[in-house]
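Welcome! Here is a short briefing to read alongside the structure below, taking one topic at a time.

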Amino acid sequence: MASRMGLIWCLIVVVALLNGATAQVTAAGEYQVGDSLGWTVPPNTSYYSIWASSKTFFLGDALIFNATSGTHTVAIVSEAEYNACTKVSSVFEVQPCCPFRYTPESTGTKYIICTVSNHCEQGQKFSFTVESQNFIVESPAGSPTESPSNFASSLTVGALYAVLTTTVISFLTFF
């Protein structure tokens, strides 16, 4: 009986160690739009497009619009309105005192412009694509890396492993 209890404790320790070594999913990301420039009239018309193209956005991520000077707006518009810099009425005002936080509620391409004066025509606009999941895997060294595309299947394997381990422990406890 004592050897069986020792085996059960060994299995519990192994399960705990394996559980600690598995992937950890981190919270959604936050992006400061324009990085240190913030949300303002950019130095060139491609500034925000280049900024957005260097990022990968996932459902649940938040974009923080921080006006570094003056008053600006954030308007989520259609592709046609984006291309034409159409002045729309549903906008969110952004001032240096009060950043605006936008969390897309669906996947797909989003279009954002500033409707103040001719700011959109000057390049204060960008589009970006929101993807479905943001799974980050912690490497052994602790640095986050994007997970492989088969992350969901590894979660299934992990669940199967947990069920099998529980079954084996139960079996050893009762027999």
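**A pairing to start with**
- Phe58 stands opposite Glu131, a residue of β8.
- Phe58 belongs to β2, the strand of residues 57–58, and β8 covers residues 125–131.
- Two bridges join β2 and β8, and the two strands run parallel. Strands here are DSSP runs of E with at least two residues, helices are H or I runs of at least four, and both are numbered from the N terminus.

**The sheet around it**
- β2 and β8 are part of an open sheet of five strands with mixed pairing, in the order β2-β8-β7-β4-β5. Two strands count as paired if DSSP finds at least two bridges between them.
- At the edges lie β2 and β5 (92–94), each of which pairs on one side only.

**Two loop residues with positive phi**
- Asp35 is not a glycine, yet its phi is positive, at about 50°. Asp35 sits in the loop between β1 (30–32) and α2 (47–53), and is partly exposed with a relative accessible area of 39%.
- Ser117, also not a glycine, has a positive phi of about 45°. Ser117 lies in the loop between β7 (108–113) and β8, and counts as exposed at 53% relative accessibility.
- For these terms, buried means under 20% relative accessible area, exposed over 50%, and partly exposed in between (1.4 Å probe, protein chains only).

**About the model**
- This is a predicted model, in which local features need pLDDT of at least 70 and side-chain atom pairs count only at pLDDT 80 or more, while totals for chains, interfaces and linings use all residues.
- Residues are numbered from 1 along each chain as its sequence is written, and side-chain values use heavy atoms, leaving out hydrogens and water.
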